[in-house]
Amino acid sequence: MSVKPMTDNQPKAAITVSKQCALLGMSRSQFYWHVKRGTFHAPLRLSNGRPYFNASQVEDNLKARELGIGVNGEYVLFYERTDEPQKPRETPPPKADHTELLDGLHALGLTSVTAKQVAEAVSVCYPKGTCNVDENDILRTVFRHLKRAGVG
């Protein structure tokens with residue numbers, strides 16, 4: 001007697017919980033949440049206690065997922081993931097507070113400089129931002145930039 005190899009089209013007599021979850025396209029925790037609600041059949045147990053699903057349970061569970069009607073007869077809506085990742089919301093960078101820098105420039109003699117001029121100078125001198133840059137270096141660089149620009 002010869003045994004024919006199983007194909008993917010033929011249902012197996014029993015499958016694991018992991019395989020059932022993969023067929024349904026959901027995580028185990030989400031699957032068990034639906035089992036608790038009655039949307040899907042609970043697994044049967046082998047004599048050694050391992051959970052499994054027989055072919056008719058698998059078919060019923062897949063039909064429930066496809067139709068949106070649980071095995072208990074109640075309507076259910078499933079979360080559908082999209083293939084394309086969502087673009088993260090672009091949050092504008094926080095407005096930098098240049099009060100201390102402005103005070104330092106005033107102390108160095110640039111008394112007529114405005115907050116707007118300081119912000120523009122900082123963005124020109126540090127296009128990637130001033131994170132991890134020493135405050136004294138920022139003050140010195142912005143001061144030189146403004147002096148060269150004729151701001152006084």
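I take helices (H or I, at least four residues) and strands (E, at least two) as DSSP runs, numbered from the N terminus. For a helix, the expected span is 1.5 Å times one less than its number of residues.

**Ground rules.** This is a predicted model, so to speak: local features need pLDDT of at least 70, side-chain atom pairs count only at pLDDT 80 or more, and totals for chains, interfaces and linings use all residues. Residues are numbered from 1 along each chain as its sequence is written, and side-chain values use heavy atoms, with hydrogens and water left out.

**Helix 6.** I started with residues 135-149, which make up helix 6. Its 15 residues reach 21 Å from first C-alpha to last, close to the 21 Å expected at 1.5 Å a residue. Next I looked for what is buried (under 20% relative accessible area; exposed is over 50%, partly exposed in between; 1.4 Å probe, protein chains only). In helix 6 I found I138, L139, V142 and L146 buried. Down the axis, the buried residues of helix 6 fall within an arc of 95 degrees (from the directions from the helix axis to the C-beta atoms), so they line one face of the helix. The buried residues of helix 6 pack against helix 4 (99-107) and helix 5 (115-125).

I then looked at both ends. At the start of helix 6, a side-chain oxygen of D134 comes to within 3.3 Å of the backbone nitrogen of N136. Just past helix 6, G150 has a positive phi of about 85 degrees.

**Helix 5.** Here V118, A121 and V122 are buried. They span an arc of only 100 degrees around the axis, which puts them on the same side of helix 5. K116 and V124 are exposed on the other side. Helix 4 and helix 6 are among what covers the buried residues of helix 5.

**Helices 1 and 2.** I followed the axes (lines fitted to C-alpha atoms, for helices over the stretch in contact; angles run from 0 to 180 degrees between N-to-C directions). Those of helix 1 (residues 17-24) and helix 2 (residues 28-37) come within 10 Å and cross at roughly 90 degrees. That makes helix 1 roughly perpendicular to helix 2 (65 to 115 degrees).

Which residues of helix 1 meet R28, F31 and Y32 in helix 2? I listed V17, S18, Q20, C21 and L24.

**Q20.** Q20 is buried, at 0% relative accessible area. Beyond four places in sequence, its contacts include F31, F53 and N61.

Technical notes: Contact = heavy atoms within 4.5 Å. Polar contact = N/O pair within 3.5 Å; in protein donor to acceptor, adjacent residues only side chain to side chain. Parallel < 35°, antiparallel > 145°, perpendicular 65-115°, else oblique.
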